[in-house]
Amino acid sequence: MDPEQLRQKYPELLKECFDISIEPGWYNLVDELLNKLSRYRSLQVVQIKQKFASLRAYPSFNGTHPKARATINKLITEAENIASITCEACGETGYETKKVNGSWWMVLCTKHAEEYGYVTK
């Protein structure tokens, strides 16, 4: 499932989302997160991305009941924690890695770290 398919599957939740920039290994994880978040009708997710080897999902809570916000934040944190050990390329178990001679960080399995020129930190 790619970003466009996620937009088609969750049109109301992602109506105001201006950016979904993640690698294929996290697509299923984000799909699962969006499925859980779709229960909250007034919630909007405005951006989903990778930053410094971490999944980031930014919600807009306009009209969302204050008690629901804690649950929503917990769901996002759980997905972020799973992403931190999930290869961004393939979805297998991964580790935080750093680009050789660079400053780009990703979560990658051993195979993809070697293939992409990354090393574990």
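These legends describe an overall view and several close-ups of one predicted protein model. In this predicted model, local features need pLDDT of at least 70, side-chain atom pairs count only at pLDDT 80 or more, and totals for chains, interfaces and linings use all residues. Residues are numbered from 1 along each chain as its sequence is written, and side-chain values use heavy atoms, with hydrogens and water left out.

**Figure 1. Overall fold of the protein.** Four helices and six strands make up the secondary structure (DSSP runs: helices are H or I with at least four residues, strands are E with at least two, numbered from the N terminus). Their order along the sequence is α-β-α-β-β-α-β-β-α-β. The radius of gyration is 15 Å, close to the 14 Å that the globule rule gives for 121 residues, so the protein is as compact as a globular protein of that length. That radius is taken over C-alpha atoms, and the rule is 2.2 Å times the number of residues to the power 0.38. The C-alpha trace spans about 45 × 25 × 20 Å along its principal axes.

**Figure 2. The largest nonpolar core.** This core holds 28 residues. A nonpolar core is a set of buried Ala, Val, Leu, Ile, Met, Phe, Trp, Tyr and Cys residues joined through side-chain atoms within 4.5 Å. Buried means under 20% relative accessible area, exposed over 50%, and partly exposed in between (1.4 Å probe, protein chains only). Leu14, Ile22, Leu34, Leu37, Ile48 and Leu55 touch the most other members. At least two core residues come from each of α2 (27-37), β2 (44-51), β3 (54-60) and α3 (66-83). In soluble globular proteins, nonpolar side chains tend to be buried together.

**Figure 3. Contacts of leucine 14.** Residues up to four places away in sequence are not counted here. Leucine 14 touches Leu6, Arg7, Ile20, Leu34, Gln44, Val45 and Ile48. Contact means heavy atoms within 4.5 Å.

**Figure 4. Isoleucine 22 in its loop.** Isoleucine 22 sits in the loop between β1 (19-21) and α2. With a relative accessible area of 8%, isoleucine 22 is buried. Not counting residues up to four places away in sequence, isoleucine 22 touches Tyr27, Val30, Ile48, Lys49, Gln50 and Leu55. Isoleucine 22 and tryptophan 104 are 82 residues apart in sequence and 14 Å apart in space, C-alpha to C-alpha.

Figure 5. Most residues other than glycine have a negative phi. Phenylalanine 52 has a positive phi of about 50°. For alanine 53, phi is also positive, at about 65°. Phenylalanine 52 counts as exposed, at 55% relative accessibility. Alanine 53 is buried, with a relative accessible area of 2%.

Figure 6. Threonine 97 belongs to strand β4 (residues 95-99). Its relative accessible area is 0%, so threonine 97 counts as buried. Leaving aside neighbours within four places in sequence, threonine 97 is in contact with Trp104, Trp105, Met106, Leu108, Ala113, Tyr118, Val119 and Thr120. A second, separate nonpolar core has seven residues, including Met106, Leu108, Cys109 and Ala113.
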